[in-house]
Amino acid sequence: MTKKPSKRLVSLALGVGLAAAALGTAVPASAQPVPGDSPARAGVVSHFTKGSESASANKALFESILKTVAKKQAAHPDLKSVTVTYDASGAPSFQSVISTAASIWNGSVSNVQLAPGGSNADFAYYEGSDPSGSYTYSDGHGHGYVFLDYAQTQQYDSVRVAAHETGHVLGLPDTYDGPCSQLMSGGGPGPSCTNRYPDATESATVEQLWANGLEKALDKLNKVH
């Protein structure tokens with residue numbers, strides 16, 4: 001894939017079911033997921049529930065984000081922390097969920113922070129329906145996004161799903177066999193797991209990956225090349 005998912009993902013506005021489910025409200029028929037909404041993929045993918053993906057998916061996404069962030073922040077070498085921006089316009093039904101997930105990460109780490117951005121954001125969120133559920137994607141060329149699946153975010157805690165996928169953006173791999181206390185165990189512990197927070201080890205790992213702000217990011221960028 002070399003372009004963003006179709007605008008149809010946005011215009012369908014099907015994700016009302018997320019907020020409705022959280023409030024105990026019935027989901028309108030017009031807001032039901034439509035199979036096939038997920039964009040075609042030609043890169044690497046990492047899912048919320050265990051699939052056929054490998055660690056290369058996490059590494060590729062992280063490196064894509066790292067390259068983008070490092071290039072954008074090169075003009076500010078004095079920064080002690082890195083800001084990763086996101087565009088949530090492609091997931092209108094998940095605005096509050098994404099904001100909460102970002103706040104959780106911002107409160108758990110300090111070397112990197114998440115902030116809303118416009119069309120030039122470092123990565124984007126999209127919504128729709130995909131038989132394999134929610135996932136993070138990277139084309140391996142500096143472009144990546146988080147896809148939130150309607151059905152899965154009603155079966156599992158929606159904020160956990162978003163925070164888990166965002167964890168990949170920050171450099172963390174999946175640990176499906178881990179306990180519920182590990183955010184990156186994703187759907188491994190089952191739908192009853194509603195933990196939305198990274199554990200101490202996960203937070204420390206992200207801190208280490210983004211240590212020393214832009215200097216570290218640029219160093220990593222040079223090693224990638």
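Author: Let's go from the overall layout to a helix pair, some aromatic rings and one serine. This is a predicted model, where local features need pLDDT of at least 70 and side-chain atom pairs count only at pLDDT 80 or more, while totals for chains, interfaces and linings use all residues. Residues are numbered from 1 along each chain as its sequence is written, and side-chain values use heavy atoms, leaving out hydrogens and water.

Reader: How many helices and strands are in the protein?

Author: Helices (H or I, at least four residues) and strands (E, at least two) are DSSP runs, numbered from the N terminus. Here you get eight helices and six strands, in the order α-α-β-α-β-α-β-β-β-β-α-α-α-α along the sequence. Of the 225 residues, 52% count as buried (under 20% relative accessible area; exposed is over 50%, partly exposed in between, with a 1.4 Å probe and protein chains only).

Reader: At what angle do helix α4 and helix α6 pack?

Author: Axes are lines fitted to C-alpha atoms, for helices over the stretch in contact, and angles run from 0 to 180 degrees between N-to-C directions. Under 35 degrees is roughly parallel, over 145 roughly antiparallel, 65 to 115 roughly perpendicular, and the rest oblique. Helix α4 (residues 95–108) meets helix α6 (residues 158–169) at about 55 degrees, with the axes 9 Å apart, so the two are oblique to each other. Contact means heavy atoms within 4.5 Å; among the residues making this one are Ile104 and Trp105 of α4 and Ala162 and Ala163 of α6.

Reader: And why is the pair of Tyr86 and Phe123 called tilted?

Author: A pair of aromatic rings is described by the distance of the centres and the angle of the planes. Rings of Phe, Tyr and Trp (its six-membered ring) pair if their centres lie within 6.5 Å; planes under 30 degrees apart are stacked, over 60 edge-to-face, and the rest tilted. The Tyr86 and Phe123 centres are 6.3 Å apart with planes at 45 degrees, so this pair is tilted. It joins strand β2 (residues 82–90) to strand β4 (residues 123–128), with Tyr86 and Phe123 37 residues apart, and both are buried.

Reader: Last one: is Ser203 buried or exposed?

Author: Ser203, in helix α7 (residues 200–209), has 11% relative accessibility, so it counts as buried. Not counting residues up to four places away in sequence, Ser203 touches Ser108, Val109 and Pro198.
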